[in-house]
Structures are given as structure tokens and as C-alpha cells.
Amino acid sequence: IGRRLSKVRRGIWRDNPGMLERYRRVLESGSAARDEIFFEGIQKWFEMAVYGLDQEDVVLIVENITDRKLAEKRVKQQGEADARVLKAVVGSAPGILLLLDRKLRVVEVSPHFLQATARHREDVLGRTLDELPAALPPEWRANYARALLGEKLAGARYLWTVEAGKERYFDWRVEPWGDEGETTGGIVIH
């Protein structure tokens with residue numbers, strides 16, 4: 001308390017040249033600024049919040065956020081690993097399979113769906129069912145809402161005219177994935 005930051009952490013201004021200018025503007029304006037900074041020498045992340053008190057004094061609050069940053073990195077890496085597994089599982093599905101999020105955007109799709117609808121994967125991923133005309137029967141919309149609430153639905157011998165102009169009969173299922181109800185991740189159609 002009461003010490004110059006450059007005395008507490010030598011080289012801070014040299015290593016973070018933009019930070020000094022931001023803090024100078026805080027001092028002049030009386031506003032606030034917040035930065036997340038990685039200190040290479042000690043291999044730690046810090047969140048630094050500075051608040052201007054008057055034209056001469058600022059308050060600097062420093063918090064070690066290394067654990068949080070490492071946790072965020074692990075979550076991101078796990079998410080990337082999960083996405084690779086998901087793509088492999090859906091990609092090897094023996095039939096038509098669509099994985100949708102809560103907003104009915106396509107998260108992953110099986111090659112069989114792409115073949116049946118004469119579509120390309122990159123044209124389907126991220127799109128909603130409304131953006132994919134004739135991708136699935138419009139009368140199924142009520143089933144999607146029910147599945148998002150946690151219900152598992154199924155039907156047999158449904159006649160479906162796909163975009164390629166062919167008629168196909170198939171058995172179908174619409175199920176939630178993730179937790180049931182409000183925290184359902186989305187739905188699987190197969």
C-alpha cells in the first residue's frame with residue numbers, strides 16, 4: 001500500500017507499454033480501467049483494476065487470476081476434445097442423425113442425412129431447421145419443443161419427401177441431450 005507499482009513489479013511498464021498510457025488516462029479523467037496481464041517471468045496471470053481518485057492519486061487493485069485462467073484453458077481444451085469425439089460419433093452413425101442445440105441450430109450431422117438431403121456439411125452446420133427447407137418435416141416442430149422439455153418421442157414408418165425429390169419411409173426418434181428440462185443442451189433427431 002502506498003508503493004509505486006514499478007517498485008513492486010520491476011519492468012511492468014517496459015513489458016506492458018500500453019498499460020501506462022491507459023492508467024495515465026484514468027488519472028486524468030477520473031475513470032476506471034481493467035486489464036488481465038500475464039507476467040512471463042513468474043508465469044502468473046493478474047487482473048489489475050485501476051480507479052482514479054483525483055488528479056494525483058489512483059487506486060490499483062491486483063488479483064492473482066492464474067487459477068481461473070488455467071481452468072478456462074482446461075475447459076476450452078475439454079470442449080475441443082468433446083467436439084472431436086462428437087464429430088467422430090455422429091459421423092459414424094449408421095443412419096440419419098442430427099444434433100441440434102436449444103435454438104434448433106445444427107451442431108453436428110451424420111453423412112447419411114447429408115446424402116439423403118443432397119446437402120454439404122458446411123452448408124448445414126450452424127443453421128437452424130427453419131433455414132434448411134425440406135430438411136425435416138415442418139409438422140415435427142411440436143415434437144422439437146416437447147423434446148426440449150425432456151420428453152422422448154418416436155414414430156414408425158414416416159413417409160418423408162427429401163429435397164432430392166425422393167420419398168423415403170423411416171422410423172424416427174426425437175430425444176433431448178444433456179440434462180432434462182430447462183438445462184437440456186438440445187435435441188437429437190434420428
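Predicted model: local features only at pLDDT ≥ 70, side-chain atom pairs only at ≥ 80, totals over all residues.
Student: How do you know that the length of helix H3 agrees with its number of residues?

Tutor: Helix H3 covers residues 17-29, which is 13 residues. At 1.5 Å a residue these should span 18 Å, and the C-alpha atoms at the ends are 19 Å apart, so the two values agree.

Student: Which residues of H3 are buried, and what puts them on the same side?

Tutor: Met19, Tyr23 and Val26 are the buried residues in H3. They cover an arc of only 50 degrees around the axis, and therefore they lie on the same side of the helix. On the other side of H3, Pro17, Glu28 and Ser29 are exposed. Just after the helix, Gly30 takes a positive phi of about 80 degrees.

Student: Why are Phe38 and Trp45 called an aromatic pair, and why is the pair called tilted?

Tutor: Their ring centres are 5.3 Å apart, and the limit for a pair is 6.5 Å, so the two rings qualify. The planes stand at 50 degrees; stacked requires under 30 degrees and edge-to-face over 60, so the pair counts as tilted. A search of the whole structure finds two aromatic pairs.

Student: Why is Trp45 called partly exposed?

Tutor: Its relative accessibility is 26%. Buried requires under 20% and exposed over 50%, so Trp45 falls in between. Phe38, at 30%, is likewise partly exposed.

Student: What lies over the face of Trp45?

Tutor: Lys69 does, at 4.5 Å from the ring centre.

Student: What makes the contact of Glu47 and Arg34 a salt bridge?

Tutor: The side chains meet at 3.2 Å, N to O. The limit is 4 Å, so the contact qualifies. This pair links distant parts of the chain, with Glu47 in strand E2 and Arg34 in strand E1, 13 residues apart.

Student: Why does Glu47 count as buried?

Tutor: Its relative accessibility is 14%, and buried means under 20%, so the term applies.

Student: How do you know that Glu72 and Arg68 are about one turn of the helix apart?

Tutor: Both lie in helix H4, residues 66-91, and they are four residues apart. Glu72 is partly exposed at 40%, as is Arg68 at 34%. Together with Glu36 and Lys69, these two residues are linked in a network of salt bridges.

Student: How many salt bridges does the structure hold?

Tutor: It holds 10 salt bridges. One of them joins Arg146 and Glu151 at 2.5 Å, N to O.

Definitions and conventions: Residues numbered from 1 in each chain as written. Heavy atoms only, no water. Helix = DSSP H or I, 4+ residues; strand = E, 2+ residues; numbered from the N terminus. Expected span 1.5 Å × (residues − 1). Buried < 20%, exposed > 50% of the residue type's maximum accessible area, 1.4 Å probe, protein only. Arc of directions from axis to C-beta. Phe/Tyr/Trp six-rings, centres within 6.5 Å; stacked < 30°, edge-to-face > 60°. Lys NZ or Arg CZ within 6 Å of the ring centre and 35° of its normal.
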